[in-house]
Amino acid sequence: MYSNHSRCRACGYGPANVPEGIKAEDNGQRLIPVFDLGLQPLANDFRSEREEQAGFAPLKLLYCPRCSLAQLSVTVKPEILYTNYSYLTSGSVTMQNHFDRLFDDLGICQLNAVVEIGSNDGKMLAHWRHRKPELKVVGVDPARNLAQLAFEKNIGTVVSTFDREAARAANAIQPDLVIARHVFCHAHDWEGFIASLAIMGGPETRYVIEVPYVRELLDKLEFDTIYHEHLSYLSVRAIEALLADSPLALDSIQEYPIHGGAILLTLRRKGYSDTINPVVGRYLSQENFTLERWMEFSKDSCNRILELENRVELLAASQKKVCGFGASAKSTVTLRACHFSRKQIRFVCDNTPQKQWKLSPGSDIPIVDEGALLREQPDYCIIFAWNFADEIIAKNQPYLDAGGKFIVPGKTLQILPA
């Protein structure tokens, strides 16, 4: 189901990489454990009671002292994670606004062709082509069920994990822009990913990678964004180490608030420009993702988990009904970390049909439709999809008017209205 990981995928720090069966001297290089959530179910493995779950795997973070990259200690086989994937690109107003901002910031109206890696159900490419109908688009995604949804939107999709072969297939449209949103840190082979990127486009093609920034994870205690799809937790220093011997170079960085805080990395072919963007240097000089900071994150996250667990246990003991909102990967991690069952959390509301009437992975907690919040009127509702909290609260004002309260996880636990 998974393989162990011990060598930094950005800079190569770790035990010597030798062929199997060949004995090598211990070089003393070890990635350092900094956070451990124990055995966790696969975060998006939503199944009915009659279906067998894919299983559990360790969820432990290792820290590279050379380039500061944090990465999981195991890699779950991609065919287990992605062949039939339940995560759909959000259709929320927040996400639609983000697509529009990217369209404008990246100057899509001036481009002829775009390839999206990890295109999911094609929602962003369809949104962009709605704004520019003549735009040529192709997606790359390994999930056949999601590719089918993209085909229904008339978005051509190469059904494959992203590798050299997939890159050559998608390159048929000769893209001006190749974009990979929240997929790069899902890849195990970073060198192969960058080499595959370099196959595509021409001398002036931009390669854009949007990823969660590890600074936000550390600053905001976003422990619930750590799960098996997210193999790495990216720093700019690690990207610089990765690109040192590649055909591509980091050209610019831009921040966005989506998903709790993300950065957009723009790569260009080396030699494209003689000048170095000062923004890149500023990030490198400000990064301070030390071992000590990670250990502090681990301690504070464990305290936050315990606080939520105790709060909900007290509510359940006093006969208060508690539910959740947003059957996201974050909800799976939190429910498992807090040892919640249906005794504490009656159900989780979600608007994704593929998840409804199934169980939260590794638990007996059912996923139901969003309308259950008003039908059942629980006393408290935990917003697991906290990155869309403002939109969720605004949309469910009748629940608040009827006396309900939202619990919003964060660096501090919020109960709204206070």
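This report describes the strands, helices and selected contacts of a predicted model.

Strand β7, residues 136–141, is mostly covered, with 5 of its 6 residues buried. Strand β6 (residues 113–117) runs parallel to β7 and is joined to it by 5 bridges. Within this pairing, Val114 has Val137 of β7 as its bridge partner. Between β6 and β7 the chain passes through helix α3 (residues 123–131), and this β-α-β crossover is right-handed.

Strand β8 (residues 157–159) also pairs with β7 in the parallel sense, over 3 bridges. Here Asp141 stands opposite Val159 in β8. The chain reaches β8 from β7 through helix α4 (residues 144–152), in a β-α-β crossover that is right-handed.

Strand β10 (residues 206–212) runs antiparallel to β13, and 6 bridges join the two. Val211 has Ile263 of β13 as its bridge partner. Strand β12 (residues 248–256) is likewise paired with β13 in the antiparallel sense, over 8 bridges, and Leu250 stands opposite Leu267 in β13. A hairpin is formed by β12 and β13, with 5 residues between them. In its turn, His259 has a positive phi of about 55°.

| Strand pair | Direction | Bridges |
|---|---|---|
| β6 and β7 | parallel | 5 bridges |
| β7 and β8 | parallel | 3 bridges |
| β2 and β3 | antiparallel | 7 bridges |
| β10 and β13 | antiparallel | 6 bridges |
| β12 and β13 | antiparallel | 8 bridges |
| β14 and β17 | parallel | 4 bridges |

Strands β2 and β3 (residues 56–63) pair over 7 bridges, and the bridge partner of Pro33 in β3 is Leu62.

Another open sheet has 6 strands in the order β16-β15-β14-β17-β18-β19, with mixed pairing. At its edges stand β16 (367–368) and β19 (414–416), each with a single partner strand, so one side of each has no neighbour in the sheet. Strand β14 (residues 322–325) pairs in the parallel sense with strand β17 (residues 380–383) over 4 bridges. Phe325 stands opposite Ile383 in β17. Helix α10 lies across β14, β17, β18 (405–408) and β19, and runs at about 160° to β17.

**Helix α6**

Helix α6 (residues 190–199) is largely enclosed by the rest of the structure, because 7 of its 10 residues are buried. The buried residues are Trp190, Gly192, Phe193, Ile194, Ser196, Leu197 and Ala198. At the start of α6, a side-chain oxygen of Asp189 reaches to within 3.4 Å of the backbone nitrogen of Glu191. Just after the helix, Gly201 takes a positive phi of about 70°.

**Packing of α8 against α9**

Two packed helices are described by the angle between their axes and the distance between the axes. For helix α8 (residues 236–243) and helix α9 (residues 278–286), the axes come within 9 Å and cross at roughly 115°. Helix α8 contributes Val236, Arg237 and Glu240 to the contact, and α9 contributes Val280, Tyr283 and Leu284. By class, this contact has 4 nonpolar, no polar and 2 charged residues.

**Arg375 in helix α12**

Arg375 is found in helix α12 (residues 372–376). Its relative accessibility is 54%, and the cut-off for exposed is over 50%, so Arg375 counts as exposed. The side chain of Arg375 is joined to that of Asp369 by a polar contact of 2.9 Å. Arg375 and Asn351 are 24 residues apart in sequence, and their C-alpha atoms are 15 Å apart in space.

Terms used
Residues are numbered from 1 along each chain as its sequence is written. This is a predicted model: local features need pLDDT of at least 70, side-chain atom pairs count only at pLDDT 80 or more; totals for chains, interfaces and linings use all residues. Side-chain values use heavy atoms; hydrogens and water are left out. Buried means under 20% relative accessible area, exposed over 50%, partly exposed in between (1.4 Å probe, protein chains only). Two strands pair if DSSP finds at least two bridges between them. A crossover is right-handed if, with the strands pointing away from the viewer, the path from the first strand over the helix to the second runs clockwise. Axes are lines fitted to C-alpha atoms, for helices over the stretch in contact, and angles run from 0 to 180 degrees between N-to-C directions. Contact means heavy atoms within 4.5 Å. Ala, Val, Leu, Ile, Met, Phe, Trp, Tyr, Cys and Pro count as nonpolar, Asp, Glu, Lys and Arg as charged, and the others, Gly among them, as polar. A polar contact is a pair of N or O atoms within 3.5 Å; within protein, one must be able to donate a hydrogen and the other to accept it, and residues adjacent in sequence count only if both atoms are side-chain atoms.
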